[in-house]
Amino acid sequence: MKNTAIVKVFSDIADLLELKGENAFKIRAYQKAARAIEHYPKEIRIMLDEGENLRNIPGVGEAIAKKTTELVTTGKLGYYENLKAEFPEGITNLLAIPGIGPKTANRLSSELGVSSVDALEQAIKGGRVAKLFRLGDKTADNIRQQIQALRRKDQRIPIGEALPIVDEILGSLRSLPGVRNLTYAGSLRRFRQTLGDIDLMGTADNPKEVIDTFVALPHMGQVLAQGSTKASAIAPGGLQVDLRMVEHDSFGSMLQYFTGSKQHNISLRERGHRQGLKLSEYGITDLATDKLEKFAIEEDFYHRLGLQYIPPELREAQGEVERAEQGTLPKLVELSDIKGNLHSHTDWSDGRNSIEEMVLAAKKLGYQYIAITDHSAAYGLDAERVRRQIAEIRALRERLDGIHVLTGIEVDIFADGRLDLPHEILSQLDIVIGAVHSAMNQSEEKMTRRVLSAIGDPDIDIIAHPTGRLLGECQPPIAIDLEAIFRAAVKNNKVLEINAWPGRLDLNDIHAFRARELGVKLAIDTDAHTVADLDFMRFGVGVARRAWCEPQHILNTLSLEQVLGFLSKK
DNA sequence: GCCGTTTTCGGCCCGACTGTTTTCAGTCG
């Protein structure tokens, strides 16, 4: 059983306990444990196999550890089954509707016999919901609208789609006179791979003007709310964007608060509480004197608590507060640490630009090197064309200076683990990237053996997009035992890719975290198919930062000489 | 149900909004 399945069970238990009216702290304990497991880099199944104590996971104590063990070893949890039996099936779906909490859901069920979203909609139409005590016409109508919004609303939006839109909005507003701070907060600032909505915030001499301009931006759709300091509107793609203008002298604590995550903020507040401090978006109150200290700068907020500044990507309540306390936070990799791009395509296969255009674009980014890694025979280059491309790149090297071009290939790993080009060809190339592009539906066992075989092949340097997933599309990740892949990569000194192409982001943050923990060398590759795609590097760096990666964990932070040295050692 | 630089028991983040009220319950982020 995968961690995601365990998370579902404990989230469900929390919902059911809410409906039951259980102790709020007990409910929170289940929610907290679910979130901790969701972000935990190691599969529970493996922890149990290795005899590791589940209580190492923060938020998992004796009771939940025992329940988790039962769930993973038997595939079932008696406590959960009994709890489910106490309620009509589907009632927890009501809790997913904004505005409906446990109290309302319970009353809808017990007083109206409503236990599904469809039935609720009918009850609202029939006027039965508005008649309930302490509810009314307005509440009923709000619920109706929320149900419609829920149906209309797409899935969470990939960060690659959201960020360009947000950049454009911010660009339009920053040019207004008197704007001093304007940035994004929330899950976008933490660089989560998919986003539910966007939080923007800033300070300005005339906040009203910024708000008015914001809602009137040409590509902005329906305006959901508009006041003097706050507005919500729908951007292209159905993305809800909230803009909040705050006082300049509390911008730092506001930004901290609205960046989250919620669990990170709770950890901070619990810690503050032990120091006799009360934390809020307005600042820090010393409980002894009841005096509020405001923060214009976010860094100062953390320093006041005796903590290192915690980068937004780390704020997921995974031990970052403790590390900040000890002063041992990682020095995260930055976009400026990246010295080259090791995975790119040209019009020799399915790319759109010539080799020279790609190389010049990479040079313009300040890179020391770029590897040209077109697809192998199945998609592009057979042995003969590889030889010709090598010759062309050598000729190009003569003409260009200031950047080095590595010869390479993205070679297909066949269903049986063989590569689709022979050793005598692959051995002539500077860099060989192996990838799975076909027979994606193999069993976990077959797929794992297939990729392990490629990792063991001396010609292979890097495995590209190791799980094959495509964000927001119908392509689910392949079934593969990543733990085995990671261990083999370490053993064979092979590199795994963080594919920065925004539709992939593969390895993802959690996988990359685990890989790094085990000592796997990672490469952040754009998989560029056009010169513009080379800018995707920032998405991969975002994933690496969420995985707590430092420059030394990333192959392409090395200088040209170091990279060539690494590749020649294989 | 979890957890500990006052604690193995007794706490557990904080503030705001909304709709329904006439002082507040419920919900959200």
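In this predicted model, buried residues (under 20% relative accessible area, 1.4 Å probe, protein chains only) make up 51% of the 570 residues in chain A. Residues are numbered from 1 along each chain as its sequence is written, and chains are lettered from A in the order in which they are written. Local features need pLDDT of at least 70, side-chain atom pairs count only at pLDDT 80 or more, and totals for chains use all residues, while side-chain values use heavy atoms without hydrogens and water.

Chain A has 23 helices and 17 strands, taken as DSSP runs (helices H or I, at least four residues; strands E, at least two) numbered from the N terminus. The radius of gyration of chain A, 26 Å, is close to the 25 Å from the globule rule for 570 residues, so the chain is as compact as a globular protein of that length. That radius is taken over C-alpha atoms, and the rule is 2.2 Å times the number of residues to the power 0.38. Of the contacts (heavy atoms within 4.5 Å) in chain A between residues at least 6 apart in sequence, 67% join residues at least 24 apart.

The axes of helices H16 and H17, lines fitted to C-alpha atoms over the stretch in contact, with angles from 0 to 180 degrees between N-to-C directions, come within 11 Å and cross at roughly 45 degrees. The residues in contact are listed below.

| Helix | Range | Contact residues |
|---|---|---|
| H16 | residues 355–364 | Ile-355, Glu-356, Val-359 |
| H17 | residues 383–399 | Gln-389, Glu-392, Ile-393, Leu-396, Arg-399 |

Definitions and conventions:
Buried means under 20% relative accessible area, exposed over 50%, partly exposed in between (1.4 Å probe, protein chains only).
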